[in-house]
Amino acid sequence: MTKSRRSFLCAMGAGAIALPLSTLTRDAALLAAELPKLSLDNPTAKALQYVHESPDAAKLCSGCLLYTDSAAADWGPCAIFPGSVVAAGGWCVSWSARA
Ligand code: SF4
């Protein structure tokens, strides 16, 4: 196999992977935009002491491992609250730094 043919096949493989990932990211962003904001009355939110404004600027939902769309600017999805979005500047006791 020639080098140019190998390069072409590698590029095609990378493109085949990149397209579905970009589609998933776009779909996740659209889905998050349609979800309601997490209510402070949510029992799980209360149990985890969730707040829309973090008391610690170094510990924000946007920097949490469980904030599943790091591109979401104001409100985004959290793995703990699948039916809602949380404030990017929020916080709860499950906060864990994104690596
Ligand atoms: Fe925010 Fe808590 Fe969800 Fe982390 S686990 S994103 S701190 S609500």
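In the predicted model, the ligand is surrounded by Tyr50, Cys61, Cys64, Leu66, Tyr67, Cys78, Ile80, Phe81, Cys92, Ser94 and Trp95, a residue being near a molecule if one of its heavy atoms lies within 4 Å of it. By class, this shell holds 10 nonpolar residues, one polar residue and no charged residues. In this classification Ala, Val, Leu, Ile, Met, Phe, Trp, Tyr, Cys and Pro count as nonpolar, Asp, Glu, Lys and Arg as charged, and the others, Gly among them, as polar. The ligand takes up the space of the largest cavity. A cavity is a set of points, on a 1 Å grid over the protein atoms alone, where a 1.4 Å probe fits but cannot get out, and a molecule sits in a cavity if more than half of its atoms lie within 2 Å of its grid points.

The model is predicted, so that local features need pLDDT of at least 70 and side-chain atom pairs count only at pLDDT 80 or more, whereas totals for chains, interfaces and linings use all residues. Residues are numbered from 1 along each chain as its sequence is written, and side-chain values use heavy atoms, with hydrogens and water left out.

The protein has two helices and two strands, arranged along the sequence in the pattern α-α-β-β. Helices (H or I, at least four residues) and strands (E, at least two) are DSSP runs, numbered from the N terminus. Of the 99 residues, 23% count as buried; buried means under 20% relative accessible area, exposed over 50%, and partly exposed in between (1.4 Å probe, protein chains only). Among contacts with a separation of 6 or more, 64% join residues 24 or more positions apart, contact meaning heavy atoms within 4.5 Å.

The largest nonpolar core has 14 residues, and those with the most contacts inside it are Leu38, Ala45, Tyr50, Cys61, Tyr67, Phe81 and Val86. Strand β2 (residues 81-87) gives the most to this core, with three residues. Such a core is a set of buried Ala, Val, Leu, Ile, Met, Phe, Trp, Tyr and Cys residues joined through side-chain atoms within 4.5 Å.

Valine 86 belongs to strand β2 and counts as buried because its relative accessibility is 1%. Beyond four places in sequence, valine 86 is in contact with Leu38, Tyr50, Cys61, Tyr67, Asp74, Trp75, Gly76, Cys78 and Phe81. Apart from residues up to four places away, serine 84 touches Leu35, Pro36, Lys37, Leu38 and Pro77.

Cysteine 61 lies in the loop between α2 and β1 and counts as buried at 10% relative accessibility. When residues up to four places away are set aside, the contacts of cysteine 61 include Tyr50, Tyr67, Val86 and Trp95. Cysteine 61 and tryptophan 91 are 30 residues apart in sequence and 5.3 Å apart in space, C-alpha to C-alpha. Glutamine 49, found in the loop between α2 (43-47) and β1 (75-78), has a positive phi of about 55 degrees although it is not a glycine.

Glycine 89 is located in the segment after β2 and is partly exposed, with a relative accessible area of 31%.

Notes. 1 Å grid on protein atoms, 1.4 Å probe; cavity = no way out; pocket = protein on both sides within 12 Å on 5 of 7 lines; lining within 4 Å.
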